[in-house]
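Hello,

I am handing over the structure we talked about. The sequence and coordinates come first, and my notes on what was found follow.

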Amino acid sequence: MDFETTGLKYSEHEIIQYGVVEFKNGAIINETTQFFKPDEPVRKSLVKKIGITNEFLEDKPKISEYYMEELHNLLKGKTIVAHNAPFDMKFLLKNLHDYDIDHERFRVFDTLPAARRLIHETPNHKLPTLKEYFNLDDGSSHDAINDARATGKLALLLLERMN
C-alpha cells in the first residue's frame, strides 16, 4: 500500500492517491489505485516532486466514506506492506476514523527498517534508491501504484534475505 498526500502531516494534509497491489505466492494478483481532489490545492513545490497537478485532480472525486470503505475492504484481513509504514498508517487510520469506519487491528510489515537491517549495498534506504538498485519497477516514483508495486517486490526480496 502507498499514499500520495498533500503534505507530511496526517492531521493537516490530505490523501490525493492510494495504490494497493495484492501479491499471492510472490505474484501480483490485483492492483487498485484511486485519485482524489483535495480541499486545498496541491502546492507547486509538491507538484514538481510528485507530478500530480491540480488540473489532473480537478475532475477526481473527493475522498469520502465510500472510498474509505472501498480501501478498507481491499486491506482487511491482509498484511499491509508499506515503506515507512507509520506515515501511511497514520493517514489510513485518521481517514478511517474521520468516516467512522470500524476496522480490525491491521498487521503491518514495514520494509524500511527491514531494508536498513538487511540491505548494505545501497547508499541509503529510500524507496527510489532501492527501486533503481534492485530494478523493482519501471514506473516513476511518487506514484502510489508504482510505489506499492515496488514495495511489494522489495518485501519479497527482504523475505528471501531473512531466510
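This is a predicted model: local features need pLDDT of at least 70, side-chain atom pairs count only at pLDDT 80 or more; totals for chains, interfaces and linings use all residues.

Gln17 sits in strand E2, residues 15–24. With a relative accessible area of 0%, Gln17 is buried. Beyond residues up to four places away in sequence, Gln17 touches Asp2, Phe3, Glu4, Thr33, Gln34, Phe35, Phe36, Ile52, Asp143, Ala144 and Ile145.

Next, the helix pair. The axes of H6 (residues 127–134) and H7 (residues 144–162) come within 10 Å and cross at roughly 70°. Angles of 65 to 115 degrees count as roughly perpendicular, so H6 and H7 are roughly perpendicular to each other. The crossing of H6 past H7 is left-handed. On the H6 side the contact involves Leu127, Leu130, Lys131 and Phe134, and these meet Asn146, Asp147, Ala150, Thr151, Leu154, Leu157 and Arg161 in H7. By type, the residues of this contact are six nonpolar, two polar and three charged.

Last, Ile101, in the loop between helix H4 (85–98) and strand E5 (107–110). Ile101 is buried, at a relative accessible area of 5%. Its C-alpha atom is separated by 7.9 Å from that of Met68, 33 residues apart along the chain. Apart from neighbours within four places in sequence, Ile101 is in contact with Glu65, Met68, Glu69, His72 and Leu96.

Regards

Terms used. Residues are numbered from 1 along each chain as its sequence is written. Side-chain values use heavy atoms; hydrogens and water are left out. Axes are lines fitted to C-alpha atoms, for helices over the stretch in contact, and angles run from 0 to 180 degrees between N-to-C directions. Helices (H or I, at least four residues) and strands (E, at least two) are DSSP runs, numbered from the N terminus. Angles under 35 degrees count as roughly parallel, over 145 as roughly antiparallel, 65 to 115 as roughly perpendicular and the rest as oblique. A crossing is left-handed if the near helix is turned anticlockwise from the far one by less than a right angle, and right-handed if clockwise. Contact means heavy atoms within 4.5 Å. Ala, Val, Leu, Ile, Met, Phe, Trp, Tyr, Cys and Pro count as nonpolar, Asp, Glu, Lys and Arg as charged, and the others, Gly among them, as polar. Buried means under 20% relative accessible area, exposed over 50%, partly exposed in between (1.4 Å probe, protein chains only).
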